[in-house]
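Please read it alongside the sequence and the structure shown here.

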Amino acid sequence: MNAHMPTVAQEAAAILDRLGVSASARTGGSLIARSPVTGEETGRLPVASVADTQAAILTAETAFKTWRLVPAPRRGELVRLLGEELRATKAELGRLVSIEAGKSVSEGLGEVQEMIDICDFAVGLSRQLYGLTIATERPGHRMMETWHPLGVVGVITAFNFPVAVWAWNAALALICGDAVIWKPSEKTPLTALATQAIFAKAAARFGAAPEGLAQLLIGAGDIGAALVESPKVALISATGSTRMGRIVGPKVAARFGRSILELGGNNAGIVCPSADLDMALRAIAFGAMGTAGQRCTTMRRLFVHETVADALIPRLKKAWESVSVGNPLTTQALVGPLVDGLAYDAMQKALAAAEALGGRVTGGTRVDLPGHYVRPALVEMPAQQGPVLEETFAPILYVMTWRDFDEVIAQHNAVGAGLSSSIFTTDLREMEMFLSAAGSDCGIANVNIGTSGAEIGGAFGGEKETGGGRESGSDAWKGYMRRATNTINFSRELPLAQGVVFDI
């Protein structure tokens, strides 16, 4: 590195200083933060205890009781100000995302843009928290539904989208009248500190946000467990592995709490005989290799019709062999590092298992750079089996051929997760069948685009082992509120429903 250029740790510290994060919040603690870009240490953060978590929950409960009485459009003003602060700091926060999560510069900026977009969405939504007027069978009566703030919302996020997922939840929760407690991944705590500082600026400008309305707790799994187990936390929104969801879901359900689970995704694409192969090639490449395969929507399986396999697969292999891999901060590389050594080991284990089953591997080798850089792997498999049926959070694309459309749909759906999916076709019947009840069983089903790159306007989430939760757009806001059905009698009579007679 040039002697005049700051190290990654120095650059991260400078950004945090400018964003208003105190040195005491990132030094002298027991949680060691590292950048996957170089592997160097970027901070030692003090961590919260379970007692701190319980205190935060009580503070949030008090804040909620005040915030729920604030008119929703006024609550939207706080989120509007948060969007303004994010716009003003987009370049710096985006750069910090790249430093801490290893994303390319454009992906880091894109993540912050997602935060801005959901703020814009939520501000408009603050005037649209609509209930229904419902036809009633009783004369002189009116029936309707109303939506009320839910309570304290615990948000547990993963490393791969260290700040956007918080924003998806927080922007909606805040306009819905809820208080928020955020437990970020231990792998990406610095971006959380930065985001909390940005929120504090918005809250100061707003001037009337109750103390503890949006809190941050840095630490390990015991903090998440305390949030999950507390009956005072009305909703847990947790993003992570299916293994994590199997722990969180039953614990929240056992206390009759509510959960939004965004878990694993073993996402697939189907290439049909009529597909535009140039378009498919580009979409598949980004879907499989973007963010070094560390998106929950990463394309991990590809089914190519046997009549176009010879035309497409060699082009895919060429793309995999030529794609640039390198430091996302100092080069224009499209593929950055894996988050840590555990991710690298998991990738190599999956590739070895695939080879043992007859898979032919292109790529997958280590790149000689500080950190854990690896070439994306394309694996031609004779059948969907072994590691193909599991999600490995790394840039591996398993490629198989198909002949019968009904059979490939069955193969597509024959995995535990059900997050994202795509089909490449210009055949109207194939497209509509894929999108029908008999087609993809995923929460996201795309045509002629890849599996990654969801917009905030649509509800984000999936089925089966993906957890069934929905965040972001559409009517996902309903998950952060409680519904009440109201019947008002404005007559002088008391007719009973279903014609029941009960005269006294």
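In this predicted model, the axes of helix α3 (residues 72–88) and helix α5 (residues 105–125) come within 9 Å and cross at roughly 155°. Because angles over 145 degrees count as roughly antiparallel, α3 and α5 are described as roughly antiparallel to each other, and the crossing that they form is left-handed.

**Contact of α3 with α5**

- On the α3 side, the contact is made by Gly-76, Val-79, Arg-80, Leu-82, Gly-83, Leu-86 and Arg-87, and these meet Val-112, Met-115, Ile-116, Cys-119, Asp-120, Ala-122 and Val-123 of α5.
- Sorted by class, the residues of this contact between α3 and α5 comprise nine nonpolar, two polar and three charged.

**Contact of α3 with α7**

- Helix α3 also meets helix α7 (residues 189–206), with axes that come within 8 Å and cross at roughly 130°, so that α3 and α7 are oblique to each other.
- The crossing of α3 and α7 is right-handed, and the residues that α3 brings to the contact are Arg-74, Glu-77, Leu-78, Leu-81, Leu-82, Glu-84, Glu-85 and Leu-86, while α7 brings Ile-198, Phe-199, Lys-201, Ala-202, Ala-203, Arg-205 and Phe-206.
- The residues of the contact of α3 with α7 divide into nine nonpolar, six charged and no polar.
- Leu-82 and Leu-86 of α3 are listed in the contact with α7 and also in the contact with α5.

**Cysteines**

- The structure holds zero disulfides, and for Cys-119 the reason is distance, because its sulfur is 13 Å from the closest cysteine sulfur, in Cys-176, which is too far for a bond.
- Cys-176 is likewise in no disulfide, its nearest cysteine sulfur being that of Cys-119, 13 Å away, whereas a disulfide would need a pair of cysteine sulfur atoms within 2.5 Å.
- Cys-119, which is among the α5 residues that meet α3, is buried, with a relative accessible area of 1%.
- Cys-176 also counts as buried, at 0% relative accessibility.

**Thr-239 in strand β8**

- Thr-239 lies in strand β8 (residues 233–239), and at 13% relative accessibility this residue counts as buried, since the cut-off for buried is under 20%.
- When neighbours within four places in sequence are left aside, Thr-239 is in contact with Ile-156, Thr-157, Ala-158, Val-165, Met-244, Glu-262 and Glu-471.

Methods: Residues are numbered from 1 along each chain as its sequence is written. This is a predicted model: local features need pLDDT of at least 70, side-chain atom pairs count only at pLDDT 80 or more; totals for chains, interfaces and linings use all residues. Side-chain values use heavy atoms; hydrogens and water are left out. Buried means under 20% relative accessible area, exposed over 50%, partly exposed in between (1.4 Å probe, protein chains only). Axes are lines fitted to C-alpha atoms, for helices over the stretch in contact, and angles run from 0 to 180 degrees between N-to-C directions. Helices (H or I, at least four residues) and strands (E, at least two) are DSSP runs, numbered from the N terminus. Angles under 35 degrees count as roughly parallel, over 145 as roughly antiparallel, 65 to 115 as roughly perpendicular and the rest as oblique. A crossing is left-handed if the near helix is turned anticlockwise from the far one by less than a right angle, and right-handed if clockwise. Contact means heavy atoms within 4.5 Å. Ala, Val, Leu, Ile, Met, Phe, Trp, Tyr, Cys and Pro count as nonpolar, Asp, Glu, Lys and Arg as charged, and the others, Gly among them, as polar.
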